[in-house]
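Visitor: I would like to learn how to read a structure such as this one, feature by feature. Could you take me through it slowly, giving the general idea before each case?

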Amino acid sequence: MQLSIWYDLSDVKLAEALDERGSFRRFCGFSAQEPTPERTAFVRFRKPLWPTVWTRPCSTKSLASSRPKRSG
């Protein structure tokens with residue numbers, strides 16, 4: 001799921017990229033011979049995550065700690 005966010009990929013494009021790109025396969029833990037999930041697997045995986053993970057607001061503390069520090 002992270003690759004689809006970073007590279008702005010639809011489920012179809014993510015499935016294609018996992019088949020074609022060795023770096024994506026390694027990032028996700030698939031060997032070269034192992035089959036990758038079909039595109040519908042991403043939808044089924046995302047549905048239960050959406051209400052809890054993707055819509056949870058960031059706290060002010062986490063936002064502040066992610067900002068670059070000013071020098072001077």
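Guide: Let us begin with burial, where buried means under 20% relative accessible area, exposed means over 50%, and partly exposed lies in between, with a 1.4 Å probe and protein chains only. S4 has a relative accessibility of 10% and therefore counts as buried. Please keep in mind that this is a predicted model, in which local features need pLDDT of at least 70 and side-chain atom pairs count only at pLDDT 80 or more, while totals for chains, interfaces and linings use all residues. Residues are numbered from 1 along each chain as its sequence is written, and side-chain values use heavy atoms, with hydrogens and water left out.

Visitor: Where does S4 lie, and what is S4 in contact with beyond its neighbours within four places in sequence?

Guide: Helices are DSSP runs of H or I with at least four residues, strands are runs of E with at least two, and both are numbered from the N terminus. S4 lies in helix 1, which covers residues 2-6. Contact means heavy atoms within 4.5 Å, and once the neighbours within four places in sequence are set aside, S4 is in contact with L9 and L14.

Visitor: How many helices and strands are there in the protein, and what share of its residues is buried?

Guide: The protein has five helices and zero strands, and its pattern along the sequence reads α-α-α-α-α. Of the 72 residues in the protein, 17% are buried. Among the contacts with a separation of 6 or more, 38% are between residues 24 or more positions apart.

Visitor: Which residues does D11 touch, leaving aside its neighbours within four places in sequence?

Guide: D11 lies in helix 2, residues 11-20, and with a relative accessibility of 17% D11 counts as buried. Leaving aside neighbours within four places in sequence, D11 is in contact with R39, F42, V43 and R46. To take one of these, D11 and R39 are 28 residues apart in sequence, yet their C-alpha atoms are 5.3 Å apart in space.

Visitor: How should I read a salt bridge, and how many does the structure hold?

Guide: A salt bridge is a side-chain nitrogen of Lys or Arg within 4 Å of a carboxyl oxygen of Asp or Glu. The structure holds one, formed by K13 with E16, whose closest N and O atoms are 3.7 Å apart. Because K13 and E16 are three residues apart in helix 2, about one helical turn separates them. At relative accessibilities of 45% for K13 and 34% for E16, each counts as partly exposed. The C-alpha atoms of K13 and R39 are separated by 8.5 Å, although these residues are 26 residues apart along the chain.

Visitor: How many aromatic pairs does a search of the whole structure find?

Guide: Rings of Phe, Tyr and Trp (its six-membered ring) pair if their centres lie within 6.5 Å, and planes under 30 degrees apart count as stacked, over 60 as edge-to-face and the rest as tilted. The search finds two aromatic pairs. In the pair of Y7 and F24, the ring centres are 5.0 Å apart and the planes stand at 45 degrees, so the pair is tilted. Since Y7 lies in the loop between helix 1 and helix 2 and F24 in helix 3 (residues 22-28), the pair ties together parts that are 17 residues apart in sequence.

Visitor: Are Y7 and F24 buried or partly exposed?

Guide: Y7, at 44% relative accessibility, counts as partly exposed, whereas F24 is buried, with a relative accessible area of 3%.

Visitor: Which residue lies over the face of Y7, and which residues make the nonpolar surface patch?

Guide: A charge sits over a ring if NZ of Lys or CZ of Arg is within 6 Å of the ring centre and within 35 degrees of the ring normal. Here R21 lies over the face of Y7, at 5.7 Å from the ring centre. Patches are made of residues with over 30% relative accessible area and no salt bridge, with like charges joined within 9 Å and nonpolar side chains (Val, Leu, Ile, Met, Phe, Trp, Tyr) within 5 Å. I5, W6, Y7 and F27 make a nonpolar surface patch of about 470 Å².

Notes
Accessible areas come from the Shrake-Rupley method with a 1.4 Å probe; for residues, only the protein chains shown count as cover.
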